[in-house]
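Subject: Structure handover

Hi,

Here is the structure I promised to pass on to you. Please open it beside this email, so that you can follow along as you read.

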Amino acid sequence: MSNLGVLMLVHTALHRAEQVARHWTASGCPVVIHVDQNVSDQVFSDFVASCDDNPLIRFSRRHKCPWGSWGLVEASQAGAELMLDAFPDVHHVYLSSGACLPLRPVPELIEYLAQRPRVDFIESATTADVSWTIGGLDQERFTLRFPFSWRRHRKLFDAYVKLQRALGMRRSIPKGLVPHMGSQWWCLTRQTLSAILQDPKRKVYDRYFRRVWIPDESYFQTLARLYSTHIESRSLTLSKFDFQGRPHIFYDDHLQLLRRSDCFVARKIWCNADRLYQTFLTKQSSAVSPAEPNPGKIDRVFSKAVERRTRGRDGLYMQSRFPRHGSENGLTCFPYSVFQGFTELFDDFESWLTDTTGARVHGHLFAPERAQFSGSETISNGALSDCATLRDYNPTAFLSNLIWNTRGERQCFQYGPRDTQSLNWFLARDKNAQISVVTGAWAISLFRSNMNFSDIRAEAARLQQIETKQLEVLNSVWTKARVRTWSLAEFVESPMEPLQTVADEIGMQTQAHLTTAPTMVDLSGFGQFLQNLKNQGMHPYLMGDFPADDVFGKRTRPYHKPYLVQ
């Protein structure tokens, strides 16, 4: 008979528990099974009858075992007492659940424990040394009383905790005990386990831990420190938990992941993971040089899974993890560029920028009439429609979807005070946005229009007010986008330097330096146009100090031909 005994706590999927129990006994390991008292008597009787042919399988006295309750400790005590009494040759007792599955040949575990006859494998650390507790109760779980279930009576649980804190109520920890915590799943030597079960003060300890919160993670972990001569504070069972303290469940597609861990046992295994049960419960060849269990090998995968679940991927919005405002993991997934005032200043800016940088350059995506996709398309990647009504239902989602659907390709689009302004804060907060603004350039289209001057004056005042509010957003302390602004006068005086800057940031397709610029519109008389607005009572200040013909006695330079860099 093996020197290893296995204690199983079972409450569901009894057919899987029987399958695993027979796997243990096939290597000579006796198994004691505790079945939750909530399982019906008929189902329990059928389960016992199905195991009658195996003399190494025994059943212990049943207890009710709700999550985190004292019943789990009672079940472990009852099973351990039966194991020690019925199988005197057992040297180590391994506590597992019905959802546990051996990952390596059982003889490897037997040999591993035989080489460490005095070692107790139980995760055991003081509250000051652990960081995995969920719910804010560390030391208090040992000094307060918890008569109400945290899961079934949450309001009563929280209210009673609050009352005890307010009244300063504290329990006394039994003399000589230093509370420790750790995983419920342990492997203890006969000497340590029997000392815990036969301690003269056991009634005192049991009475105390009966009102400790989640005692199955502290009872044996604390008492083992009184008797063990050699504790390795780790569990031989691979058990991973998410950010809410819930165990990860392993499915068939985790097969290679479980193999890489080199652990002896894993939980929780999905009861319908047929591939896992078939793979690990069939006869496996032992390793040439048995590896030390190392769950750290797969920690990176679990860390990534937790990150994906809690933060998601940059710029990806999904039903199961729709971000709260201010706590998104990136508003968009890839850098993009926004240009304001450039199409008003240059006749062929969009085609020039496409040829120069190789980026996909759109028109005004948020124009009132429609989204002006590049190439005059009506549908863009991801079946995004150019319909303004659909776009404006959620403009931030429209932009983030556009960037996500074209990730890897730089997107550029035009923007201005005539466009939908609900996007301003989104653009300002987005670290992927590169925003280039020529302030006051919207006046050029008014200058070139055939509108009545009174209408021009009213529209200029409206657009200037809109752009002023937009600039306040872009210049706020919460802005994460890269924002560059030039006044119209400043830009017209020396356009090549800012054009070179934005082209470099996007990534030029071929040459290192610009040799040509897009064709600038004819601005002859524009200075006088601005002066006329002033004379009519509208003060156009966003354009900068733009010279007027009749004020400075010279004409504004008509940059209607491409620049050439010498």
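This is a predicted model: local features need pLDDT of at least 70, side-chain atom pairs count only at pLDDT 80 or more; totals for chains, interfaces and linings use all residues.

Residues are numbered from 1 along each chain as its sequence is written, and side-chain values use heavy atoms, with hydrogens and water left out. Helices (H or I, at least four residues) and strands (E, at least two) are DSSP runs, numbered from the N terminus.

**The strands around β1**

Buried here means under 20% relative accessible area, exposed means over 50%, and partly exposed lies in between, using a 1.4 Å probe and protein chains only. In a regular strand the side chains alternate between the two faces of the sheet. In β1, Leu4, Val6, Met8 and Val10 point one way and Gly5, Leu7 and Leu9 the other, and all are buried.

Which strands pair with β1? Strand β4 (residues 92-97) runs parallel to β1 and is joined to it by 6 bridges, while strand β2 (residues 31-35), also parallel to β1, is joined to it by 5. Two strands count as paired if DSSP finds at least two bridges between them. Leucine 7 has leucine 95 as its bridge partner in β4 and valine 32 as its partner in β2. Valine 10 is bridged to valine 35 in β2.

Strand β2 is mostly covered too, with 5 of its 5 residues buried. Val31, Ile33 and Val35 lie on one side, Val32 and His34 on the other. β2 also pairs with strand β3 (residues 57-59), in the parallel sense over 3 bridges, and there valine 32 stands opposite arginine 58. The chain gets from β2 to β3 through helix α2 (residues 41-50), in a right-handed β-α-β crossover. Right-handed means that, with the strands pointing away from the viewer, the path from the first strand over the helix to the second runs clockwise. β1, helix α1 (residues 14-25) and β2 make a right-handed β-α-β unit as well.

**An open sheet of 3 strands**

Elsewhere, 3 strands form an open sheet in the order β5-β10-β9, with mixed pairing. β5 (101-102) and β9 (237-238) stand at the edges with a single partner strand each, so one side of each has no neighbour in the sheet. β5 pairs with strand β10 (residues 265-266) in the antiparallel sense over 2 bridges, and leucine 101 stands opposite alanine 266.

**Helix α5**

Phe157, Val161 and Gln164 are buried in α5. Seen down the helix axis, the buried residues of α5 fall within an arc of 65°, so they line one face; the arc is that of the directions from the axis to the C-beta atoms. On the other side, Lys155, Lys162, Ala166 and Leu167 are exposed.

**Aromatic rings**

How many aromatic pairs does a search of the whole structure find? There are 36. Rings of Phe, Tyr and Trp (its six-membered ring) pair if their centres lie within 6.5 Å; planes under 30 degrees apart count as stacked, over 60 as edge-to-face and the rest as tilted. Tryptophan 186 and phenylalanine 220 form a tilted pair, 4.9 Å centre to centre with 50° between the planes. This pair links distant parts of the chain, 34 residues apart: tryptophan 186 is in the loop between α5 and β7 (187-189), and phenylalanine 220 in helix α8 (residues 219-227). Both of these residues are buried.

**Backbone details**

Last, some spots to look at in the backbone. Arginine 267 and lysine 268 are joined by a cis peptide bond, with omega about 5°. Alanine 13, a residue other than glycine, has a positive phi near 50°, and sits in the loop between β1 and α1.

Enjoy exploring!
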